[in-house]
Amino acid sequence: MQTEFSNEQQLLRDVVARALRDKSPPAAVREWMATDRGYDAAVWRELGGDAGLAGIHVPEACGGAGGGPVELGIVAEEMGRTLFCGPFFASAVMAGNALIEAAEESARAELLPGVASGSVTGTLVLDDLDSPSGVGGSVRATDRGRLSGTAAMVVDAHVADLFVVVARASAGLGLYAVESGAEGLEIEPRQVVDLTRKLSRVTFADVAGRAIGEVDGETLDRLWDLMSSALAHEMIGCARRLFETTVNYTKERFQFGRPIGSFQALKHRCADLLLEIEIARALTHHSARCLAAGEGEPYAASMAKAAAADACMSAARAGIQLRGGIGFTWENDTHLWFKRAKGSEVLLGTPAIHRERMMTMLEGAA
Amino acid sequence: MTPDRIRREVSAWLEANWRVDRPLIEWREILLEGGWAAPHWPEEWYGRGFTLDQTMVVAEVFREKDVVPAAQVGPRGLASETILACGSDDQKRRFLRPILTGEHTWCQLFSEPGSGSDLAGLSTRAELEDGKWIINGQKVWNTSAHHADFGLLVARTDRDVPKHQGISYFLLDMRQPGVEARPLRQMNGHQSFNEVFMTNAVVLPEDLIGGEGNGWHVAKTTLSFERRGFSRRVRGSSLDGPKQGPIYAEYEEELRIATEPYTWYPQREGRVDLVLPRARETGAINDPATRQEIAKLICLHTGARLASDSAEARRKAGATEIIPAGSIGKLAASVIARQASHVHTMISGADAMLSGPDSAADGIVAEVLVSVPAISIAGGTDEIQRNIISERVLGMPKGYRADQGPFRDIKRNA
Ligand SMILES: Cc1cc2nc3c(=O)[nH]c(=O)nc-3n(C[C@H](O)[C@H](O)[C@H](O)COP(=O)(O)OP(=O)(O)OC[C@H]3O[C@@H](n4cnc5c(N)ncnc54)[C@H](O)[C@@H]3O)c2cc1C
C-alpha cells in the first residue's frame, strides 16, 4: 500500500491547484453561486472535460484517466480549497463511483464514457444521505423497473442529464438509470445553506428506469466509503484554506498596538487547530490509499470523514471568530467556506454516525 | 545497503562473536569494535551512518537471536545525541564508549525551582576558579539523577549579558561530594525524579561542551531530541522470556535498575492498547456514548501515527522540519493520553475510585488516571509546544517580552 504521494500524483495536484486558482477565484465563486445553475458551463467543460478531471478515477477502457481513489481525492481536495462550483462531486464522485462499483459491464461501457468526458452530467439519487443503512426506504422499483418515491436532497439534480438511482426492489437494492426529461420525473430545487452545492428534491411518479445492476450491502458500503473519502478530501482542502487565511489575518490585524497573532490565546488556538487538521489530513490520505489497495482498516473512510468534518468545522469556527465582526459579514469570503464546511459535515453522515459505523465494523453493533 | 545484505552481514558477524558466557561489558566492547552497537551513528564514532530503517533491521536480527544490545535505556540517549552533535573529539572519545557499554548512566539537569518552562532563566552558577568550574545551585525534577554517573548540566556563567547568552553547558560528574540527589515522590506514588543540590561541585574545563556562553544552543539540541522521543516510543528492549546464560542475568539486572523509574511511562501515555479489551470485559463497548469516545481516540491515535510517519518520511527526503515535527508529535501525545484517560474513566465508572491490585487490570488503569497529567508537563509543557508551533511553524508574531537586557536585572522568583 502507498504511504506517500508519487511524483505523478504530486504533479497532478500542482496542475489542478494552478488551474483552479486561475479559473475559480472567490469572485467567480460568488458570481456562480448566485445563479440558478450554480456554475459556469464553459469552465466545467474545460476542467471536467478537456483536462479530464470528471473521469480521473474512471478506468481507461471506459474513457477515463485510469486513476483511482487517491487521484480522485487529490482533485477533490484542491476543489475544496478553492470552493470550486461545478458538478464534480455529483457527477464524478457520486454517479461515477456508483457506475464503477455497481453497474453491469454493458451499462458501464455505455454510460461511463459520457460521465468521464464531462459531456454527460450525472448524479446519484440516494433517498437517505445520513447512512447506507437508510438507503432504499423511500424510492422503490417494480420488477419491470418502474420507479416511485422521493429523494429529499439530490446533489446537482437540477443540471443532471443522467440520474443513477439506488432503489429498493423485491429482490433487494438495485441500480437504475433514468434520463433527464423522463416522464413522471420531477425536480424541485431546494433552498440551501451552502450556495456552492445545489440540492433538489427528486420525485419519481412511476418513472421508467433501466435496471443496470444490483447493490448488495458490501457494494453500498464500498460506494459510501469512496464518496466519504472524497468528501473528506474536499473538507481537508477547505479546512487548510480556512486555516491559512485565518493565520495570515492574525499577522496583519492590529489591536492594542500589536498584531492580534501575537496574543497567546489566538496562537494556542491556531496550534491546536494545526494539530487537528494534520491528524485529519493523514487519516484522509490514508483512507484513499486503503480504498485503492483494498487493504488497511475497513473503517478507514469513516475515520477520515469523521475527523475531517470535525477539523473543517473547527477551522471554520476559528475562521469567523478570529476575524471578529468582519468575519460575520456577507462581504467577507469566510462564510462561503464556513457554509461548505457545515454542509459537508452532515452530507453522507455526521461525524457521530461515522464513528458509530466505525465501531460497528470494529466490534459489531451495540 | 539493502535490508537483506544488512541481515546477512550482521548475522555472520554475530555467528562469529556472540556468546552468552561473556561478561556484559566485555561483550559490549566487542560489539563496539565490530561497529554494530549504534549503526545509525557516524562511521568515525562506532557507527555505520545507517538510516533509521536500516538500524531497525539490525535491531530485528538482535531480537531474533536473543542478542544483548548496546545500553540504551533512559537519558543516555539524550547525552549521546548531544555529545555527538556538539561535543569535541576528546569528549566523544571519553564519553560515547561508556554510554554504549552501559558503564555510565546519565541524567538531565535542566529545570530549577525558579525556572522550568523558562529554562533560559536558570540561575545555577558556574564560576571559573583556579582553572576549574565551580558549580553552585539547585536543580529539580531530574529523572534518574539518584543513580546517574553523569549529568547534562546547564548553568549561568555570565549574569551581565542577556539571559540566553550567559549560559554554558557542562558534563557533570555526579559521583562527587558537592553533588547530592534527593528523590521526590510523585502524585502517582513513584519516585522517578529528584532534586539535585550542587555545592561547590567541580567541573574540569574539558567537560564544558559547545564553548562558554553557547549553552543555550546545545540545550536546544538536547530538547529537540527529547521531544522527538515523545512522539516515537522509547522503550527498554527487554528480551522475550527468561534466557539461560550469565550475560542475561547481568543484562536483566541493568535493565531492572535503569528502567525502574520508567515503569509508569506507558501509563502516562494513556494505555490506548487496554481500551478495547477493558470495554469488552466491562460491557461498556455497548454504550453508545462510550463508543463515540473510543472512536475519537482511535482516530486520534491512528491519525497521529500516520502524520508522524509521513513527517519522518519527509524529513528523510530532506525537509528541515525537525523541531516543529517534534512539538506537534509531543502535543499529539498529550491529546491522545488525555482522551485515553477520559475513555478509561468512562469504561470503569465508579470502579475508577479503586487503586492497586484490587482494581482494574491489576492497578494499571488507576495508574493511567494519575500518571497522564505528567505527559503534558515533562519535556516542555503543552503550552510551550503551542508557542513553538505557532511561532516557528505558523510564523505568528512573538509576544512582547519582559526579560530582555542583562540577566541580573530581570524579575525572577525569590
Ligand atoms: C515526570 C517529569 C519528569 C521530568 N524530568 C525532568 C528531567 O529529567 N530533567 C529536567 O531538567 N527536568 C525534568 N522535568 C521538568 C520539566 O521539564 C518542567 O517541569 C517543565 O518544563 C515545566 O516547568 P515548571 O515545572 O517550572 O513549570 P512552569 O514553567 O512554572 O509552568 C507552570 C505553568 O505555566 C505555564 N507557562 C509557563 N510559561 C509559559 C508561557 N511562556 N506561555 C504559556 N504558558 C506558560 C506552563 O505551561 C505551566 O502550565 C520533568 C517533569 C516531569 C513532570
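Mentor: Helices (H or I, at least four residues) and strands (E, at least two) are DSSP runs, numbered from the N terminus. The model is predicted, so local features need pLDDT of at least 70 and side-chain atom pairs count only at pLDDT 80 or more, while totals for chains, interfaces and linings use all residues. Residues are numbered from 1 along each chain as its sequence is written, chains are lettered from A in the order in which they are written, and side-chain values use heavy atoms, without hydrogens and water.

Trainee: How many helices and strands has chain A?
Mentor: Chain A has eleven helices and ten strands. Its radius of gyration, taken over C-alpha atoms, is 20 Å, close to the 21 Å from the globule rule for 366 residues, so chain A is as compact as a globular protein of that length. That rule is 2.2 Å times the number of residues to the power 0.38.

Trainee: What share of chain A counts as buried?
Mentor: Of its 366 residues, 59% are buried, meaning under 20% relative accessible area with a 1.4 Å probe, protein chains only.

Trainee: Changing topic, how many disulfides are there?
Mentor: A search over all chains finds zero; a disulfide is a pair of cysteine sulfur atoms within 2.5 Å. For A:Cys290, the nearest cysteine sulfur belongs to B:Cys299, 13 Å away.

Trainee: Is A:Cys290 buried or exposed?
Mentor: A:Cys290 is buried, at 4% relative accessibility. A:Cys62 is also buried, at 7%.

Definitions and conventions
Buried means under 20% relative accessible area, exposed over 50%, partly exposed in between (1.4 Å probe, protein chains only).
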